[in-house]
Amino acid sequence: MARAKQTEYAYFDDGDIALYHRPGTKAYQARIKLEGGKSLVRSTGTENLQEALKWARREKIANETKIELGLDPTGRTFKYVAERWLGSLDAKKERQVRDYTRIVTRYLIPYFGAMKITQITQRAISEYEDWRKAYWLTGPGAQESQETIERADGITYTRKKTFGARGKADAEDTVLRQIFKYAISQDMLEGSRMPMIGGKANGKTKFKGHARPAFTRDQAERILQHCMDMALPEGNDLKVPDPDRMVFAAWVHIMLGTGIRPGKECQQILWKHFRNETVNGEDHTFLTIMKDTKTGERTVWCDPFVWRFLVTFRIYSDFKGDNDFVLADQKTGKAVLDFKRQFATMMAALDMEVDDHGNPYVPYSFRHTWATLKLNEGMNERLVALNMGTSPEMIHKHYGKDDTISRAGEFKSPLDFFAFKPAWLETE
């Protein structure tokens with residue numbers, strides 16, 4: 001089967017305007033860069049290249065004017081996105097389409113309809129939850145005296161409205177999540193701005209915002225030292241590191257030094273995804289996370305120790321080309337999918353399998369550790385969230401691990417009682 005032809009772009013105005021065709025469409029699409037780092041994608045409505053360019057230039061001017069007025073020209077309304085998502089569903093799944101359409105038209109569009117998809121925050125989702133709980137009691141549903149029920153055999157009938165289980169169902173969370181994911185796939189929303197919607201519910205098991213345990217700074221330093229000792233053990237007269245062990249050590253350094261997610265965000269890293277830049281006279285290392293990950297493409301800042309280790313690791317790795325996987329199986333060159341076994345072995349060797357409360361450490365603890373250490377150093381929550389590909393609300397809710405032990409040095413007593421040395425305290 002012939003490989004599909006890649007999309008060809010025509011660039012104008014120093015790259016600010018890109019014209020191209022989506023597969024299966026005739027009219028030119030325009031990707032327009034705006035002031036302040038924003039960009040938008042629109043159909044030009046014409047198959048003529050010069051007319052499409054004129055349209056795009058006018059659109060650029062008009063939308064930059066909106067930005068000056070404090071408006072967001074890049075955002076589509078929730079109603080626009082939701083209706084197009086419904087139109088993208090498999091028409092053969094009639095009941096699913098019907099159920100999803102009912103949810104969108106009865107609940108979601110009436111509440112979110114006029115909001116820009118780019119402006120729906122975590123707070124807006126929480127406020128919707130409250131609105132939805134009251135829908136059938138004091139909200140719009142309270143005005144309805146009857147409801148239509150569809151049986152499993154397809155027969156529908158009308159009955160007097162009952163309240164029963166009229167709370168928000170899991171299907172609504174599913175629909176809302178799918179609409180946001182559709183917006184991301186269509187370049188209407190950045191992946192990092194995907195809000196957290198609902199959670200798993202199964203019988204008595206409800207979603208809980210339980211943060212995995214994070215390592216302390218001392219523990220993190222012990223882990224890094226263990227990786228070095230493991231990759232180059234004492235008694236190795238040739239002083240040649242073990243490449244397989246260095247792959248695991250590289251994973252640990254990346255995880256502890258970036259805060260990215262274990263799994264797909266790590267698996268897809270190629271050597272070319274790292275780059276070194278000088279910013280304001282200081283050298284920094286950045287890592288590009290791929291677009292088809294949970295929150296989409298983003299640039300991640302790396303702690304200095306990450307690249308220092310990777311430079312050495314690359315010398316000994318059998319796969320060191322720009323297009324090779326960094327965390328590659330040293331026999332096949334394929335990406336290593338997980339390091340759970342090596343992680344468990346390391347935790348046992350360090351006698352560090354659980355935290356002080358008995359919670360087991362897991363690979364995700366590295367991500368929580370990065371966030372914890374940065375927050376304890378005073379880094380802004382928004383900056384921590386930006387690097388980790390999540391929202392400040394999520395950082396505040398799930399990643400802050402302050403406790404009285406880790407920050408004991410910051411406690412100060414206004415009065416040193418024992419400095420008074422009362423007579424009854426003196427000893428002979």
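Tyr 11 has Ala 18 of strand E2 standing opposite. This pair belongs to a predicted model. E1 and E2 run antiparallel and are joined over three bridges.

Strand E2 is covered on both faces. Ile 17 and Leu 19 are buried on one side, while Ala 18 and Tyr 20 are buried on the other. In a regular strand, side chains alternate between the two faces of the sheet.

## The four-stranded sheet

E1 and E2 are part of an open sheet with the order E1-E2-E3-E4, in which the pairing is antiparallel. Its edge strands are E1 and E4 (39–43), each of which pairs on one side only. From one strand to the next, the twist averages 20 degrees. Helix H1 (residues 49–68) packs on this sheet and touches E1, E2, E3 and E4. The direction of H1 makes about 35 degrees with that of E3.

Inside the sheet, E2 also pairs with strand E3 (residues 29–33), in the antiparallel sense and over four bridges. Here Tyr 20 has Gln 29 of E3 as its bridge partner.

## Aromatic pairs and charges over rings

Across the whole structure, a search finds 18 aromatic pairs. One of them joins Tyr 9 and Tyr 20: the ring centres are 4.8 Å apart and the planes stand at 40 degrees, so the pair is tilted. Tyr 9 lies in the segment before strand E1 (10–12) and Tyr 20 in strand E2 (residues 17–20), so the pair ties together parts that are eleven residues apart in sequence. Are these two residues buried or exposed? Tyr 9 counts as partly exposed, at 36% relative accessibility, whereas Tyr 20 is buried, with a relative accessible area of 4%.

The charged end of Arg 84 sits over the ring of Tyr 80, 3.6 Å from the ring centre. Likewise, the charged end of Arg 132 sits over the ring of Tyr 107, at 3.8 Å from its centre.

## The three-stranded sheet

Another open sheet has three strands in the order E9-E10-E11, with antiparallel pairing. Strand E9 (274–279) and strand E11 (298–302) are at the edges with a single partner strand each, so one side of each is left without a neighbour in the sheet. Direction ignored, neighbouring strands of this sheet are turned by 40 degrees against each other on average.

Strand E10 (residues 282–289) and E11 run antiparallel and are joined by five bridges. Within this pairing, Leu 287 has Val 300 of E11 as its bridge partner. Helix H7 (residues 243–258) packs on the sheet, where it touches E9 and E11. The direction of H7 makes about 100 degrees with that of E11.

On the H7 side the contact is made by Phe 248, Trp 251 and Val 252, and on the H10 side by Gln 342, Phe 343 and Met 346.

Which residues do ring pairs link into a cluster? They are Phe 215, Phe 248, Trp 251, Phe 339, Phe 343, Tyr 361 and Phe 366. Among them, Phe 248, Trp 251 and Phe 343 also take part in the contact of H7 with H10.

Terms used:
Residues are numbered from 1 along each chain as its sequence is written. This is a predicted model: local features need pLDDT of at least 70, side-chain atom pairs count only at pLDDT 80 or more; totals for chains, interfaces and linings use all residues. Side-chain values use heavy atoms; hydrogens and water are left out. Rings of Phe, Tyr and Trp (its six-membered ring) pair if their centres lie within 6.5 Å; planes under 30 degrees apart count as stacked, over 60 as edge-to-face and the rest as tilted. Helices (H or I, at least four residues) and strands (E, at least two) are DSSP runs, numbered from the N terminus. Buried means under 20% relative accessible area, exposed over 50%, partly exposed in between (1.4 Å probe, protein chains only). A charge sits over a ring if NZ of Lys or CZ of Arg is within 6 Å of the ring centre and within 35 degrees of the ring normal. Two strands pair if DSSP finds at least two bridges between them. Axes are lines fitted to C-alpha atoms, for helices over the stretch in contact, and angles run from 0 to 180 degrees between N-to-C directions. Contact means heavy atoms within 4.5 Å.
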